[in-house]
Amino acid sequence: MIIIPAIDIRGGNCVRLLQGDPDRETVYSNDPVKQALRFQEDGAELIHVVDLDGAFSGTAVNRETVAAVARAVDIPIEIGGGIRSRETIEFYRSAGVKRIILGTAVLAPEFSAIVDEYAPYLVAGIDARDSMVAVRGWKEVSSVRAIDVITDVMGRGLKDVIYTDISTDGMLTGPNFPALEKILSRVQGIRLVASGGVSQEDDIYRLNEYAHKGIWGCIVGKAIYDGRVNLKQAIERLRNR
């Protein structure tokens, strides 16, 4: 399992939102590129980037900033937020982004065609509240169960899934282990990235215990920015386990 540090971009800044609420924002940096370079220096193998403005608006608002991040680092980045068209996917591919996260688009009728065309570059981003899929920047909760969407995208050939538990995101209360266990027990062959709730290094090591069942990575954001997790130290310790 790898640790994936997060950069959430809103208004050009690196921010964190509590449970995705735009009214509960903390700004940590005004330079996403510098932040990405710092994560690279600390040993990160992959950086998780979210265009929050894009997630809320449905268009890739901060795509030039994301492209600058991709060009600046030597490690892969993944991007999510506002990616709802082929044109946006093509832009990020040309910018050197290695992993493109589809969230709301997963539920769109044209999803099958997009998967067929771009499958090697795509990651399914499943955001859930009370096990139900949330869409459009988490502003709406659908009537679709997260486990059903995960099963569906796996059946269409996507093995990489980021599962974000909204209730724990940014709250530093620990990951939703029961939800993760449910997914891992029902879906075979998944490469699951857990997102939401990591508050300390012990959370990371506990997630690592599920690596043999399918957890491939964990996204860590607020805990790094608040100094609860030393990224360089956590990466080194995880490698030694």
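What follows is a walk through this structure, from the whole fold down to a handful of side chains.

A word on the ground rules first. This is a predicted model, so local features need pLDDT of at least 70 and side-chain atom pairs count only at pLDDT 80 or more, while totals for chains, interfaces and linings use all residues. Residues are numbered from 1 along each chain as its sequence is written, and side-chain values use heavy atoms, with hydrogens and water left out.

Let's start with the overall build. The protein's secondary structure comes to 10 helices and 12 strands; these are DSSP runs numbered from the N terminus, with helices being H or I of at least four residues and strands being E of at least two. Along its principal axes, the C-alpha trace spans about 45 × 40 × 35 Å.

What about the inside and the outside? Of the 241 residues, 55% count as buried, meaning under 20% relative accessible area; exposed means over 50%, and partly exposed is in between (1.4 Å probe, protein chains only). The accessible surface comes to about 10300 Å², and carbon and sulfur atoms own 44% of it; the areas come from the Shrake-Rupley method with a 1.4 Å probe, and for residues only the protein chains shown count as cover. As for how the chain folds back on itself, take the contacts with a separation of 6 or more: residues 24 or more positions apart account for 67% of them. Contact here means heavy atoms within 4.5 Å.

Now to the aromatics. The structure holds four aromatic pairs. Rings of Phe, Tyr and Trp (its six-membered ring) pair if their centres lie within 6.5 Å, and planes under 30 degrees apart count as stacked, over 60 as edge-to-face and the rest as tilted. One of the pairs is Tyr28 with Tyr225, stacked at 4.8 Å centre to centre with 25 degrees between the planes. This pair links distant parts of the chain, with Tyr28 in strand β3 (residues 25–29) and Tyr225 in helix α9 (residues 222–225), 197 residues apart. Tyr28 is partly exposed at 26% relative accessible area, whereas Tyr225 counts as buried at 16%. Another stacked pair is Phe177 with Tyr210, at 6.0 Å centre to centre and 25 degrees between the planes. Phe177 lies in helix α7 (residues 177–186) and Tyr210 in the loop between α8 and β12 (215–220), so this pair ties together parts that are 33 residues apart in sequence. Phe177 is buried at 5% relative accessibility, and Tyr210 is buried at 12%. Going back to Tyr28 and Tyr225, they form one aromatic cluster with Phe39.

Rings also turn up under arginines. The charged end of Arg191 sits over the ring of Trp216, 4.4 Å from its centre. Arg241 lies over the face of Tyr205, at 3.9 Å from the ring centre. To count, NZ of Lys or CZ of Arg must be within 6 Å of the ring centre and within 35 degrees of the ring normal.

Next, some single residues. Thr59 lies in the loop between α2 (52–57) and α3 (63–72) and is partly exposed, at 45% relative accessible area. Its side chain is joined to that of Ser57 by a polar contact of 3.2 Å. A polar contact is a pair of N or O atoms within 3.5 Å; within protein, one must be able to donate a hydrogen and the other to accept it, and residues adjacent in sequence count only if both atoms are side-chain atoms. Beyond four places in sequence, Thr59 touches Asp51, Asp53, Gly54 and Gly82.

Gly82 shows up again as a contact of Thr88, along with Ala60 and Ile83, leaving aside neighbours within four places in sequence. Thr88 is in helix α4 (residues 86–94), is buried at 6% relative accessibility, and has a side-chain polar contact of 3.0 Å with Ser85.

Ser199 sits in the loop between β11 (191–195) and α8 (201–208). Ser199 is buried at 9% relative accessibility, and a polar contact of 2.8 Å joins its side chain to that of Asp203.
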